[in-house]
Amino acid sequence: MIQVRRAGERGHAQHGWLESFHTFSFAGYRDPRFQGFRALRVLNEDRVQPGRGFDPHGHRDMEILSYVVEGALAHRDDMGHGSVVRPGELQLMHAGTGITHSEYNASTTGLLHFLQIWIVPDARGLEPGYEQRAFPEAERRGALRLVASRDGADGSLRVHQDVAVLATLLAPGDDIAHALAPGRHAWLQVVRGALEVNGAAVAAGDGVALSDEPAVRIAAVDDAEVLLLDLA
């Protein structure tokens, strides 16, 4: 079974300094059809104006991934971490018993475009933590590179949930597949470009939920960037 979540049907918030599109219900946006998918709870596409951002605020009992598409994300938290996340890097916060952090556009001239992904952990009250890692373009070009997983396999970030997050960069004509074990589900998010997923035509901002499918088959129509979550 395949369900396509079109980019234009997502929730939308415009705050001047921030434009955000919500794949699932978030903040003031509510859609009973889209409350999350399996352990995936939030998938927001944010564009932040130069020098602006999210003031210090708290989270708990959530695994939060930040994937930068364009620009640079400046991070600071109450555990003493201060870093800048750029395209090709993935940031993971284990909110656990509680973490306070801020996120800003690190540039005073260019736009910050990033995806924020929240995954419900497999236990509450975990110890907070922070990870950040670069995944070279050569490892993602034409192949699905594991970037986050439960066991940290292949140098991926370690997530407290039975999920595998994969990233790829595709050229027109590239055709790749990811097998799904029985009982597994997948969410595919088109970061940019156009492609076909199991025969369904999708484009930037679209998401695809797959259940009871033996594999996720991806055929690129244009240059494309994709995130794929393999979920229990």
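**Close-up 1. Arginine 6 and aspartate 206 form a salt bridge, with their closest N and O atoms 3.0 Å apart.** In this predicted model, the pair links distant parts of the chain, since arginine 6 lies in the loop between β1 (2–5) and β2 (11–14) while aspartate 206 lies in the loop between β19 (200–203) and β20 (207–211), the two residues being 200 residues apart. Arginine 6 is partly exposed, at a relative accessible area of 33%, whereas aspartate 206, with a relative accessible area of 7%, is buried. Aspartate 206 counts as buried because its value of 7% falls under 20% relative accessible area.

**Close-up 2. A salt bridge joins the side chains of arginine 47 and glutamate 45, at 3.3 Å from N to O.** Here arginine 47 is partly exposed, its relative accessible area being 25%, while glutamate 45 counts as buried at 7% relative accessibility. Through salt bridges that share partners, Arg10, Glu45 and Arg47 are joined into one network.

**Close-up 3. Arginine 133 is paired with glutamate 131 in a salt bridge whose closest N and O atoms are 3.7 Å apart.** The distance of 3.7 Å is within 4 Å, and the contact therefore counts as a salt bridge. Arginine 133 is partly exposed, with 32% relative accessibility.

Close-up 4. Side chains of opposite charge can pair when their charged atoms come close.

Methods: Residues numbered from 1 in each chain as written. Predicted model: local features only at pLDDT ≥ 70, side-chain atom pairs only at ≥ 80, totals over all residues. Heavy atoms only, no water. Helix = DSSP H or I, 4+ residues; strand = E, 2+ residues; numbered from the N terminus. Buried < 20%, exposed > 50% of the residue type's maximum accessible area, 1.4 Å probe, protein only.
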